[in-house]
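Please read it alongside the coordinates.

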Amino acid sequence: MKECEILFTGAVGAGKTTAIGCIGEALPAMTDALNVDTSVATACTTVGLDFAELTLDTGNRLCLFGAPGRSRFDFLWKLLVRRARGVVILLDNSRPDPLADLHMYLDVFSYDLPILPCVVGVGRTDTHVAPSLDAYAGEIARKGWAFPVFGVDVRRKDDVMLLIGALVARIEADTRGSARIPCRTPS
Amino acid sequence: MQISAEFRDSEGSVCESHFRRRDRWSHTEHFVDMPDAGRQGVRAFERAGVSSLRLGVCKLPEAEVAVIRTIIQLYATDGTFAWTLVGESPYDALLVDASVTQAESSELTHMVSSMRVFSWEESSKRVHALERPIRADRLKRWLDDTELALRQAQSSEMVADEQSMMKVEVSNSVRFMLLRWPSALLLRNDLDKVHMAILLSQRALNAIELADISGLPLSQCIAFIQVLRVAGALELHVTPGAMARSQEAGEFKALRRGGFGRSFINGFRRRLGLGEP
């Protein structure tokens with residue numbers, strides 16, 4: 001039996017727990033606590049990690065881990081990313097400076113991202129149109145990467161599927177050839 | 001491209017006309033014949049988006065220049081007439097009096113890069129030969145023919161350019177990789193395009209490799225790469241021939257090896273309802 005672990009990380013309130021709960025086959029293991037931070041509009045917040053799994057027809061398993069969003073848990077992010085085959089960065093366009101959030105996650109995972117498939121999902125783009133998805137792609141390109149960027153509503157299973165599907169395709173691209181091109185030098 | 005014609009007067013003096021196409025792509029010039037077949041079709045097609053053609057004159061008497069200018073101004077009231085008389089290069093066509101000296105002719109040849117000069121006997125048999133005195137109907141017919149020749153040469157070169165681009169996209173020595181994730185407007189939530197973009201974001205591929213890995217038709221992959229190239233979203237990785245063949249062999253070996261396990265990934269796809277490639 002094989003396992004493939006995917007890490008969901010991203011800003012507080014971006015919907016990591018919701019996304020994992022959306023596609024897990026059973027009730028996910030969650031460590032949510034009542035949110036007392038009034039600066040973030042979410043009733044609960046993850047204080048440990050979220051976990052859900054999907055068992056495939058071959059018996060293999062897809063394991064989904066959700067890292068807590070608060071930066072004081074960054075030691076946990078680095079532990080979780082070590083075993084991950086791919087990472088989903090979820091961002092919230094309604095936050096004061098979502099591009100700064102993006103940069104923070106790109107920096108935190110800068111050691112892993114050159115070899116780790118990654119996709120970026122941006123939430124609440126319907127109510128907060130700026131920054132645009134192109135702006136996110138531009139910031140990522142400045143780091144020398146070309147990660148997929150999607151506008152998503154993590155309450156919708158299709159949107160979460162899109163993120164996972166994109167990540168699986170990237171993992172697939174990694175496994176279907178030997179001549180992986182090294183990461184470009186950031187401009 | 002340059003086409004030449006002549007004016008001749010009743011005494012047999014001739015006025016040469018040199019026609020050169022400003023080449024926007026290859027900076028090369030070609031002579032073309034003007035086939036009769038398909039003229040009207042090409043003309044109608046081109047005139048759907050009429051662009052101005054520049055006619056120049058050289059060494060013609062002032063009176064003839066005034067006549068030509070007047071004729072062109074009159075025809076210009078018709079919205080489909082493409083020519084304007086201009087005083088400076090670049091020219092699409094240049095009318096030159098045949099009385100120019102050999103030295104002047106050489107200078108013109110140098111300026112226009114290549115020149116075809118018709119003799120009097122030859123010109124009288126040519127459809128685009130011009131005789132003195134200048135007549136509006138003859139000049140108009142000749143300008144129309146010249147325009148047609150220019151447009152045909154232009155479209156045939158565009159086809160050649162497209163074929164050349166396609167050769168690049170399927171070349172073993174040239175591969176493409178995404179510089180940045182394409183705009184949402186370009187992808188339009190098309191899952192095939194998203195899949196191709198994902199593959200190109202992860203590694204440098206040519207169109208054949210992209211089609212092989214994605215399972216999508218080669219024509220679709222070529223078209224998508226062309227769109228991305230036009231959008232400036234791709235960077236080229238050029239590999240010398242021998243190295244490209246070696247790299248290609250390595251790629252296919254890896255494809256057969258399967259690394260992480262195709263069955264595992266296909267299992268994800270089935271479980272998530274994503275379908276198999």
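In chain B, 73% of the contacts between residues at least 6 apart in sequence join residues that are at least 24 apart. For chain A the corresponding share, again among contacts with a separation of 6 or more, is 71% for residues 24 or more positions apart. Both values come from a predicted model, and they are computed from its atoms.

The two chains can be set side by side as follows.

Read from the N terminus, the elements of chain A follow the order β-α-β-β-β-β-α-β-α-β-α-β-α.

**A buried residue of chain A**

I23(A) belongs to helix 1 of chain A, which spans residues 16-23. Is this residue buried or exposed? Its relative accessibility is 5%, and because buried means under 20%, I23(A) counts as buried. Once neighbours within four places in sequence are set aside, the residues in contact with I23(A) are L54(A), L64(A), K157(A), V160(A) and I164(A). A further pairing across the sequence is that of I23(A) with R155(A), which lie 132 residues apart along the chain while their C-alpha atoms are separated by 9.9 Å.

**Two helices of chain B with a buried side**

Helix 2 of chain B, covering residues 62-75, has 14 residues and extends 20 Å from its first C-alpha to its last, which is close to the 20 Å expected at 1.5 Å a residue. Its buried residues are E64(B), V65(B), I68(B), I71(B) and I72(B). Why do these residues lie on the same side of helix 2 of chain B? They do so because the arc that they cover around the axis is only 130°. On the face of helix 2 of chain B that is turned away from this buried side, the exposed residues are E62(B), A63(B), Q73(B) and L74(B).

Helix 9 of chain B, covering residues 218-230, has 13 residues, and its reach of 18 Å from first to last C-alpha is likewise close to the expected 18 Å at 1.5 Å a residue. The buried residues here are C221(B), I222(B), F224(B), I225(B) and L228(B). These residues span an arc of only 165° around the axis, and they are therefore placed on the same side of helix 9 of chain B. The face of helix 9 of chain B turned away from the buried side carries the exposed residues S219(B) and V230(B). Just after helix 9 of chain B comes G232(B), which takes a positive phi of about 70°.

**A helix crossing in chain B**

How do the axes of helix 7 of chain B, residues 191-202, and helix 8 of chain B, residues 207-214, cross, and at what angle? The two axes come within 10 Å and cross at roughly 120°, and the crossing is right-handed. Helix 7 of chain B contributes H195(B), M196(B), L199(B) and L200(B) to the contact, while helix 8 of chain B contributes L210(B), I213(B) and S214(B). Sorted by class, the contact between helix 7 of chain B and helix 8 of chain B has 5 nonpolar residues, 2 polar residues and no charged residues.

Note on methods
Residues are numbered from 1 along each chain as its sequence is written. Chains are lettered from A and ligands numbered from 1 in the order in which they are written. This is a predicted model: local features need pLDDT of at least 70, side-chain atom pairs count only at pLDDT 80 or more; totals for chains, interfaces and linings use all residues. Side-chain values use heavy atoms; hydrogens and water are left out. Helices (H or I, at least four residues) and strands (E, at least two) are DSSP runs, numbered from the N terminus. The expected span of a helix is 1.5 Å times one less than its number of residues. Buried means under 20% relative accessible area, exposed over 50%, partly exposed in between (1.4 Å probe, protein chains only). The arc is that of the directions from the helix axis to the C-beta atoms. Axes are lines fitted to C-alpha atoms, for helices over the stretch in contact, and angles run from 0 to 180 degrees between N-to-C directions. A crossing is left-handed if the near helix is turned anticlockwise from the far one by less than a right angle, and right-handed if clockwise. Contact means heavy atoms within 4.5 Å. Ala, Val, Leu, Ile, Met, Phe, Trp, Tyr, Cys and Pro count as nonpolar, Asp, Glu, Lys and Arg as charged, and the others, Gly among them, as polar.
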